[in-house]
Amino acid sequence: MHELIDHPCVQHKLGIIRDVDTGHKLFRELATEITKFICYEALKNIKVKEIVVQTPVAEAICKKIDTDLVVVPILRAGVGMLEGILELVPTARVGFVGLYRDEVTKQPVSYYQRLPKQARGGTCIIIDPMIATGGSTVAAIELLKESGAAQIVVVCIVTCPEGLALVEAAHPDVPIYTAAIDDHLNADKYIVPGLGDAGDRLFGTSH
Ligand code: PRP
Ligand code: URA
């Protein structure tokens, strides 16, 4: 299952973040803002429980998030989405998965992982701005499943049909939320039109 967040406020910001003339400061700010909007939708089905709150007037039946939330940025570029989701769920825990795409094979290479113990039995939200071939996302989901995550949700900013097909075929139980489903991958496995190399644009580095 995937859901495209087609809200005008998100799509307006997406037009700016894609722009080749947008520098890393603005790129980072927009990544945070867009992430917050997408996550607002992505978290709509998380488990809540009813609680009773005493207002100045009477008792109110309210809802409280009832699951351990673990946000998992895929290093590096996923870190650019961390601030946005933590503004929404400030008590979430954070785990890290380090993956990079081999420049020749384009296959994900794992180099780091550190998850809080609450990932076991908890709800893990993978954040990564780009799902291109989908290889990195599939690898991150597999790692979280091996770690005992009860529920996994993926949030990205831009993806494409090839990436969605790979992730959904491997993990049909994991929903994906995105602000864009672009046209295709080019020969270098970059998303077209995409936004270029998300990590480089976020952190002001270049090849
Ligand atoms: C980018 C991106 C994803 C991955 C997507 O990371 O942030 O993790 O590529 O590609 P895929 O769907 O084909 O696996 P990259 O490997 O460039 O590493 P970085 O975040 O360290 O720049
Ligand atoms: N990684 C990126 O940062 N951008 C792409 O288009 C594909 C992979």
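**Close-up views**

**H4 and H5 cross in a right-handed sense.** A crossing is right-handed if the near helix is turned clockwise from the far one by less than a right angle, and left-handed if anticlockwise. This is a predicted model, in which local features need pLDDT of at least 70 and side-chain atom pairs count only at pLDDT 80 or more, while totals for chains, interfaces and linings use all residues. Residues are numbered from 1 along each chain as its sequence is written, chains are lettered from A and ligands numbered from 1 in the order written, and side-chain values use heavy atoms, without hydrogens or water. The axes of H4 and H5 (residues 161–170) come within 9 Å of each other and cross at roughly 25°; axes are lines fitted to C-alpha atoms, for helices over the stretch in contact, and angles run from 0 to 180 degrees between N-to-C directions. H4 is therefore roughly parallel to H5 (under 35 degrees is roughly parallel, over 145 roughly antiparallel, 65 to 115 roughly perpendicular, the rest oblique). Gly-135, Thr-137, Val-138 and Ile-141 of H4 touch Leu-166, Val-167 and Ala-170 of H5, contact meaning heavy atoms within 4.5 Å. Five of these residues are nonpolar, two are polar and none is charged (Ala, Val, Leu, Ile, Met, Phe, Trp, Tyr, Cys and Pro are nonpolar; Asp, Glu, Lys and Arg are charged; the others, Gly among them, are polar).

**Helix H1 (residues 8–18) and helix H2 (residues 24–42) cross at roughly 155°, their axes coming within 10 Å.** H1 is therefore roughly antiparallel to H2. The crossing is left-handed. On the H1 side the contact uses Cys-9, Val-10, Lys-13, Leu-14, Ile-16 and Ile-17, and on the H2 side Leu-26, Phe-27, Leu-30, Ala-31, Glu-33, Ile-34 and Phe-37. Eleven of the contact residues are nonpolar, none is polar and two are charged.

**The largest pocket has a volume of about 680 Å³.** Among its 31 lining residues, Tyr-100, Arg-101, Tyr-190, Asp-197 and Gly-199 are the closest to its centre. On a 1 Å grid over the protein atoms alone, a pocket is an open set of points where a 1.4 Å probe fits, with protein on both sides within 12 Å along at least five of seven lines; lining residues have an atom within 4 Å of a point. Points are joined across faces, edges and corners, and the volume is the space filled by probe spheres set on them. At least two lining residues come from each of strands S4 (69–75), S6 (96–101) and S9 (130–131) and helices H4 (135–146) and H6 (198–203); helices (H or I, at least four residues) and strands (E, at least two) are DSSP runs, numbered from the N terminus. The lining has 13 nonpolar, nine polar and nine charged residues.

**The peptide bond between Leu-75 and Arg-76 is cis, with omega about -5°.** Arg-76 sits in the loop between S4 and helix H3 (82–88). Another cis bond runs from Val-192 to Pro-193, with omega near 0°. Pro-193 belongs to the loop between strand S15 (191–192) and H6.
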